[in-house]
Amino acid sequence: MKVLIVDDEDMIRAVLREYVEFEGGIADEAKDGMEAVLKCRENDYDILLMDVMMPRLDGFSAVKEIKKIKDVPVIMLSARGEEYDKLFGFELGVDDYVTKPFSPKEIMARIHAICKRRKGEGEKREEMRFEGLTVDMVGRNVFVNGEKAELTPKEYELLFYFVRNAGVALTREKLLTDVWGYDFYGDDRTVDTHVKMLRGNLKEYRKFIVTLRGLGYKFEV
């Protein structure tokens, strides 16, 4: 766990650094928002502890700049506990907001909770890439060369099924049963029509859906 502690008060940085390192983490420091932005451009952090009121560049402005370049969780630290400040922070994408004075143990508990949640989200995210084709199973998004493909619900399901069964020969009967959810009654044109539309939306990556003559299809990279 690598933490960037951003605060213009030396004592606060020192205390938080001590707790982070005591728990086996790595702590880096910045004295103001501008220094924090520069450090985030040069390094990767698991989480930021960001004070609000600082010279040169305040915490909110620093978070806004950092979010443009990296998706890193942030806990704001502030002597001001007004609801407006908290709402503004959450609108910027802040994960948590702690009012000073605070307990370092509480800060560490919040750090662990956020990192654990982020890790869980990462494990659940099923995003697979095949050259310029990106398939996001959880978000139900498909990107072709960086552009979102507009697929019908059935095309999404068909593509996701192909991807999950990559390298497996799939008969039309199997596709109808598993994707459409009903038994095959002899009309394979339903599958062929949807595969044709799906291939059109995948552009040059249509090549991954291989026709198995007299049988069905296979997703092959």
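Mentor: Let's begin with a term: a residue is buried when its relative accessible area is under 20%. Keep in mind that we're looking at a predicted model.

Trainee: Okay, let me try that on Y205. Is Y205 buried or exposed?

Mentor: Its relative accessible area is 7%, so Y205 is buried. F208 counts as buried too, at 3% relative accessibility.

Trainee: And how many aromatic pairs does the structure hold?

Mentor: There are seven aromatic pairs. Y205 and F208 make up a stacked one, with 5.9 Å centre to centre and 15 degrees between the planes. Those two also belong to an aromatic cluster together with F130 and F219.

Trainee: Let's move on to strands. How do I read burial along strand β3?

Mentor: Start with the general idea: in a regular strand, side chains alternate between the two faces of the sheet. Now the case here: I47, L49 and D51 sit on one side of β3, L48 and M50 on the other, and all of them are buried, leaving both faces covered. With five of its five residues buried, β3 (residues 47-51) is largely enclosed by the rest of the structure.

Trainee: Which strands pair with β3, and in which sense?

Mentor: In general, strands of a sheet pair through backbone hydrogen bonds, either parallel or antiparallel. Strand β1 (residues 2-6) pairs with β3 in the parallel sense over four bridges, and I5 has L49 as its bridge partner in β3. Strand β4 (residues 74-78) and β3 also pair in the parallel sense, over four bridges. There, D51 has L77 as its bridge partner in β4.

Trainee: How does the chain cross from β3 to β4?

Mentor: Through helix α3 (residues 59-69), in a β-α-β crossover that is right-handed.

Trainee: What about the sheet with β6 in it? In what order do the strands come?

Mentor: It's an open sheet of four strands, ordered β6-β7-β8-β9, with antiparallel pairing. β6 (127-130) and β9 (147-148) are at the edges with a single partner strand each, so one side of each has no neighbour in the sheet.

Trainee: How many bridges join β7 to β8?

Mentor: Four bridges join strand β7 (residues 133-136) to strand β8 (residues 141-144), and the two run antiparallel. To find a spot on the model, look for D136, which stands opposite N141 in β8.

Trainee: Which helix lies across those strands?

Mentor: That's α6 (residues 153-164), lying across β6, β7, β8 and β9. Helix α6 runs at about 80 degrees to β8.

Terms used
Residues are numbered from 1 along each chain as its sequence is written. This is a predicted model: local features need pLDDT of at least 70, side-chain atom pairs count only at pLDDT 80 or more; totals for chains, interfaces and linings use all residues. Side-chain values use heavy atoms; hydrogens and water are left out. Two strands pair if DSSP finds at least two bridges between them. Contact means heavy atoms within 4.5 Å. Axes are lines fitted to C-alpha atoms, for helices over the stretch in contact, and angles run from 0 to 180 degrees between N-to-C directions. Buried means under 20% relative accessible area, exposed over 50%, partly exposed in between (1.4 Å probe, protein chains only). A crossover is right-handed if, with the strands pointing away from the viewer, the path from the first strand over the helix to the second runs clockwise. Rings of Phe, Tyr and Trp (its six-membered ring) pair if their centres lie within 6.5 Å; planes under 30 degrees apart count as stacked, over 60 as edge-to-face and the rest as tilted.
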